[in-house]
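Hello,

Here is the structure I promised to pass on to you. Please open it next to this message, and my notes follow below.

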Amino acid sequence: MRSRTVIALGVSASIALSPVTATANPSAAVPVTVGQNGTSLHVGDVTVPVTAAVAAVAGIGVLIGGALTVAIQVLLAAGAEKNEEGVSSSDLPSAEYVSRFDFSATEHDPAIGGLSGMDQLEDGRYIAISDDKHEHGPIRAYIFTTQDHRRFAHEGEVRLTLPDGSDYTEFIDAEEIRQLPNGNLLWTTEGDAREGQVAPPQLIESTAAGREVRRINPPAYHFPDGHDTKGIHHNNGPEAMTLADGGTTALTINENALAQDGTSNDPKHSSVNRITEYNLANGNATHEYAVRANPGRGITSVLEAEDGSLYVLERGFYPELGKSGEVRGEIYRLTLSGADDVLGKDTLDGTEQLATKELVYDFANNPPQPDNVEALSWGPMLDDGRRTLHIAVDDNFSDTQSTLFHTVLVP
């Protein structure tokens, strides 16, 4: 039996007169390069594994040259032929979709929703933070349990409060949450970029019981000016955050570009998003890089693996798809090696060497559409080296959406 995973890659490009590179036109050029070994395509900063036959077809398109517009639809069997031991013949184990669990169909508490960040706790339970902005309750996170790492049950709640135990009254847009080695919780708020209501994006550390311990500010050029000309765009701050270096470092990724860094992400334009590292001992930013998010996508979660590699989640909503719109989402492996450190650079000028990313999993391979995927959390490691990855869905407290948990096995 052949196990098939179909990946569709759509590229519209005006081909430059080069035997190895196709450059998109207009100005936001995205180079398309066929790997030297014929087994990959490099689309801008993204590496997509392909069969040699597909790469050859792409190469033929490149060699035609001129002003020809090429539309490439790559349909390939990424899950290669299995050997007798059931191991893929490809060099790396393949990502595999396992399950989709509709939590809303089993529990009907309308106050449980808005899951925007999720992490596995030391005791094996999971914590998921809600991005509810005081509309359905206080700032809070939920505790979930699972027996099979497919289905989840609600067990309790952690109320996130000020140091004195009182509820937040300021604007808080909670997005990602991780458990620190000391048992405390580290979470992000995107801040507020609206005129007259400006609040900075921040990392907040709270005790396991939810009381605030401290706040960490990003570099000053992340602070919004209220006019959408500097700092984060509204609702587009540090939505993604993970721990690194044994929990001594935090790494955030903004959902979108800073206002001064160039084009904001939309269905026709990619964005260059900042990746900021913090020393948690003193709260200082220590390094900063940038990565390109695909057009129509925002970066919503990042997670470090044991080997130090980073997995990022991108997703975007397309209202023209389906009956009432559909979400498209992908998981990438992110590489910071070789990327320029841009810490202290107020405005990116386009000359920076960006972080690279490799496609690991595309939700388009497993319909129906995944809905508003926002949170990544590790589950157990498998014997073949793959890791269980849980992806939580933010239902936006909408009657037409559900709180879902997807489970995927990733290399």
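Tyr311 and Trp378 are both buried, where buried means under 20% relative accessible area, exposed over 50% and partly exposed in between, with a 1.4 Å probe and protein chains only. Before going on, please note that this is a predicted model, in which local features need pLDDT of at least 70 and side-chain atom pairs count only at pLDDT 80 or more, while totals for chains, interfaces and linings use all residues. Residues are numbered from 1 along each chain as its sequence is written, and side-chain values use heavy atoms, leaving out hydrogens and water.

Now to the rings. Rings of Phe, Tyr and Trp (for Trp, the six-membered ring) pair if their centres lie within 6.5 Å; planes under 30 degrees apart count as stacked, over 60 as edge-to-face and the rest as tilted. By this rule there are ten aromatic pairs. One of them is stacked: Tyr97 and Tyr361, at 6.3 Å centre to centre and with 15° between the planes. This pair links distant parts of the chain, with Tyr97 in strand E7 (residues 96-102) and Tyr361 in strand E23 (residues 356-362), 264 residues apart. Strands here are DSSP runs (E, at least two residues), numbered from the N terminus. Tyr361 counts as buried, at 3% relative accessibility.

Tyr311 and Trp378 form an edge-to-face pair, because their ring centres are 5.4 Å apart and their planes stand at 85°. That pair also links distant parts of the chain: Tyr311 belongs to strand E21 (residues 310-318) and Trp378 to strand E24 (residues 373-381), 67 residues apart. Elsewhere, ring pairs join Phe103, Tyr126, Tyr142, Phe144, Phe152 and Phe405 into a cluster.

Back to E23, where five of the seven residues are buried. E23 pairs with strand E22 (residues 326-335) in the antiparallel sense over six bridges; two strands pair if DSSP finds at least two bridges between them. Arg333 has Glu358 in E23 as its bridge partner. Lys357 lies over the face of Tyr332, 4.5 Å from the ring centre. A charge sits over a ring if NZ of Lys or CZ of Arg is within 6 Å of the ring centre and within 35 degrees of the ring normal. Arg194 does likewise, with its charged end over the ring of Phe171 at 5.2 Å from the centre.

There is also an open sheet of four strands, in the order E8-E9-E10-E11 with antiparallel pairing. Strands E8 (115-120) and E11 (153-159) stand at the edges with a single partner strand each, so one side of each has no neighbour in the sheet. E8 and strand E9 (residues 126-130) are joined by five bridges, and Gln120 has Tyr126 in E9 as its bridge partner.

What does the side chain of Arg387 make a polar contact with? Its partner is the side chain of Glu306, at 2.3 Å; a polar contact is a pair of N or O atoms within 3.5 Å, where within protein one must be able to donate a hydrogen and the other to accept it, and residues adjacent in sequence count only if both atoms are side-chain atoms. Arg387 is found in strand E25 (residues 387-393) and is buried, with a relative accessible area of 12%.

Finally, Asn273 in strand E18 (residues 271-279) is buried at 0% relative accessibility. Its side chain reaches the backbone nitrogen of Ala257 at 3.4 Å.

Best wishes
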